[in-house]
Amino acid sequence: METPITVDLKFFTDDRGNIRQTFDEKTYEEVFHKVKRIYEIDNGAGVCRAYHGHLNESKIIIVKKGRFKFVGIPIIKNDDGNILPINQKNFDKMKELMVSFFIDGKSHKAVFFPAGWYNGYISYNEGELYVLSDSSLEESKNDDFRLSYDLFGKEVWEVKNRWK
């Protein structure tokens with residue numbers, strides 16, 4: 001099973017300012033199939049959008065502005081490819097395989113969610129995202145599975161205090 005990863009974005013700076021390359025065909029061919037749709041999302045501080053999953057759609061999310069935590073959870077399927085109900089065994093497996101990434105607009109990284117994963121995020125301040133999808137809007141609507149943002153606990157979205 002493919003897993004979510006971060007993708008390094010090329011960044012250039014000189015006396016005129018900065019350029020962050022958000023799309024490079026060679027880089028995206030390594031992790032992504034084909035871009036069919038690009039959209040932008042604006043969020044206020046503290047907005048949590050989770051969890052939505054796709055069996056067929058993959059996404060690359062680029063943080064334009066702000067600071068975000070992204071969480072990925074695998075969709076558990078049987079041998080026939082059907083989504084299994086969330087019982088204690090599947091819940092524990094999903095939680096064990098959960099991944100998370102903190103990315104901000106200055107990090108020069110994007111996050112890739114392959115098909116077969118639920119994904120979600122929270123914005124820690126006002127922010128903007130670009131989303132590149134390998135599915136059309138109609139394909140995405142017919143391949144959409146949702147879970148409650150707090151299914152795995154609200155603490156998933158909290159910033160951990162490192163002071164003891």
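In what order do the five strands of the open sheet stand? In this predicted model, the order is 1-9-6-11-4, and the pairing is antiparallel.

**Open sheet**
- Four bridges join strand 6 to strand 9 (residues 109-113) in the antiparallel sense.
- I62 has A110, in strand 9, as its bridge partner.

**Largest pocket**
- The largest pocket holds about 300 Å³ of space.
- Its lining consists of 20 residues, of which Y39, I41, H52, K59 and R146 are the closest to the centre.
- Two or more lining residues come from each of strand 4 (37-43), strand 5 (48-54), strand 6 (59-65), strand 10 (117-123), strand 11 and helix 3.
- Strand 5 makes the greatest contribution to this lining, with five residues.
- By residue class, the lining comprises nine nonpolar, four polar and seven charged residues.

- S136 is located in the loop that runs between strand 11 (127-133) and helix 3 (137-141).
- S136 counts as partly exposed because its relative accessibility is 26%, between the limits of 20% and 50%.
- Leaving aside residues up to four places away in sequence, S136 touches K36 and R37.
- Although S136 and R37 are 99 residues apart along the chain, their C-alpha atoms are separated by 6.0 Å.

Notes: Residues are numbered from 1 along each chain as its sequence is written. This is a predicted model: local features need pLDDT of at least 70, side-chain atom pairs count only at pLDDT 80 or more; totals for chains, interfaces and linings use all residues. Side-chain values use heavy atoms; hydrogens and water are left out. Buried means under 20% relative accessible area, exposed over 50%, partly exposed in between (1.4 Å probe, protein chains only). Contact means heavy atoms within 4.5 Å. On a 1 Å grid over the protein atoms alone, a cavity is a set of points where a 1.4 Å probe fits but cannot get out, and a pocket is an open set with protein on both sides within 12 Å along at least five of seven lines; lining residues have an atom within 4 Å of a point. Grid points are joined across faces, edges and corners, and a volume is the space filled by probe spheres set on the points. Ala, Val, Leu, Ile, Met, Phe, Trp, Tyr, Cys and Pro count as nonpolar, Asp, Glu, Lys and Arg as charged, and the others, Gly among them, as polar. Two strands pair if DSSP finds at least two bridges between them.
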